[in-house]
Amino acid sequence: MAGFTGEALGKKLLELNNSQQSIQTLSLWLIHHRKHHKTIVQVWFKELKKAKSNRKLTFMYLANDVIQNSKKKGPEFSKEFSTVLSKAFAHVNESVNDAKTKSGLDRIISVWEDRNVYDSTVISSLRAAMGGKSPGPETVKEIRPEKPKKKKIKVLEVEPVVKKTKEELTVLSPRGDPPEAEDLIKALQDLENSPSTDAVVREKIAQLPPEVSDVSLLEKITNREAADKLAKQVEEASSLLTDYNKRLNEELEDRTQVSKMLNNFTHAQRQLLAEAEKKVEELREQLKRVSQVRNELKSHLQNLPDLTLLPSVTGGLAPLPSAGDLFQ
């Protein structure tokens, strides 16, 4: 993905629109660069205050998407956004006198409350910023996100939410967070040394005596010594196979996880590619229009008459009179 700079983020925020694809694409890019979370939140809040009234709600949807979908990787964004959320909600609520915008803000707060994104103290502070019930003494504190609960979450799990309106598109959980390229490469490299490629163990299994697995050969045992020897071989083989099967099951889980990582990474790359292709197409159209205007201008310049000559009385061409001739 493209490298992160504050200038690059500012440009992307200027290009942000209210479509689900635009919001989620930028959200994925921000989550990918989560180590710059402090700068990201600062630039986001700065651009929010500068944005036109009809774009401020889109900025809030972007923050919502980042906060919700970055929780799997860590609490950086939820903590950092908490330092400016009250100011952001108050700013949008005061600067935009529009029922649609206020409804969208209320919807975001309700979703955070329902999904325990922030605790009740934070929710009360946000509602107070919206002009609701003022928070009590306990809520006049720095907004702190609720500690994430230990819960195993599938990477590709999508919470079933009914899509109601365009404003609620970004409330839906996306496909899954794309992995870091370095993490994906490491996971693929780890699979190169997986148990299924362990030639040493596989050779040991291949060299096990047939008596270990073939019950019909037990008839050949004629004395206690042979029976004890076989029992020991069976015990060693059982331990070897049990351990190897456990490793193979772990490998299967690892391969399933890597497959999900590949799917999420590919999905994110396709989104970014689609956004880039759209931008390239827009630039091509602009270049086409510029070329068209340039050709028209060139044609007009070529067809301009020679202003150094004026038609004479006899119909021929005569030089333009000088200033002195005019006064004579």
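Is Lys260 buried, exposed or partly exposed, and what is its relative accessible area? Lys260 has a relative accessible area of 22% and is therefore partly exposed; buried means under 20%, exposed over 50%, and partly exposed in between, with a 1.4 Å probe and protein chains only. The structure is a predicted model, in which local features need pLDDT of at least 70 and side-chain atom pairs count only at pLDDT 80 or more, while totals for chains, interfaces and linings use all residues. Residues are numbered from 1 along each chain as its sequence is written, and side-chain values use heavy atoms, with hydrogens and water left out.

The chain holds twelve helices and two strands; these are DSSP runs numbered from the N terminus, helices being H or I with at least four residues and strands E with at least two. Along the sequence the elements follow the order α-α-α-α-α-α-α-α-α-α-α-β-β-α. The chain has 328 residues, of which 33% count as buried. Among contacts with a separation of 6 or more, 71% join residues 24 or more positions apart, where contact means heavy atoms within 4.5 Å.

Lys260 lies in helix α11. The C-alpha atom of Lys260 is 9.4 Å from that of Pro178, although 82 residues separate the two along the chain. Phe265 is also found in helix α11. Apart from neighbours within four places in sequence, Phe265 is in contact with Pro178, Pro179, Ala181 and Leu184. For Phe265 and Leu184, which are 81 residues apart along the chain, the C-alpha atoms are separated by 8.5 Å.

Two packed helices are described by the angle between their axes and the distance between the axes. Helix α3 (residues 37-50) packs with helix α6 (residues 85-95) at an angle of about 10°, and their axes are 10 Å apart. The two helices are therefore roughly parallel. Axes are lines fitted to C-alpha atoms, for helices over the stretch in contact, and angles run from 0 to 180 degrees between N-to-C directions; angles under 35 degrees count as roughly parallel, over 145 as roughly antiparallel, 65 to 115 as roughly perpendicular and the rest as oblique. On the α3 side, Trp44, Phe45, Leu48 and Lys49 meet Lys87, Ala88, His91 and Val92 of α6. This contact comprises five nonpolar, one polar and two charged residues (Ala, Val, Leu, Ile, Met, Phe, Trp, Tyr, Cys and Pro count as nonpolar, Asp, Glu, Lys and Arg as charged, and the others, Gly among them, as polar).

The second largest pocket has a volume of about 540 Å³. Of its 17 lining residues, Lys12, Glu15, Glu275, Ala276 and Lys279 are the closest to the centre. A pocket is an open set of points on a 1 Å grid over the protein atoms alone, where a 1.4 Å probe fits, with protein on both sides within 12 Å along at least five of seven lines; lining residues have an atom within 4 Å of a point. Grid points are joined across faces, edges and corners, and the volume is the space filled by probe spheres set on the points. The largest share of this lining, six residues, comes from α11. By class, the lining of the second largest pocket has seven nonpolar, three polar and seven charged residues.

Ser22 is located in helix α2 and is buried, at 7% relative accessible area.
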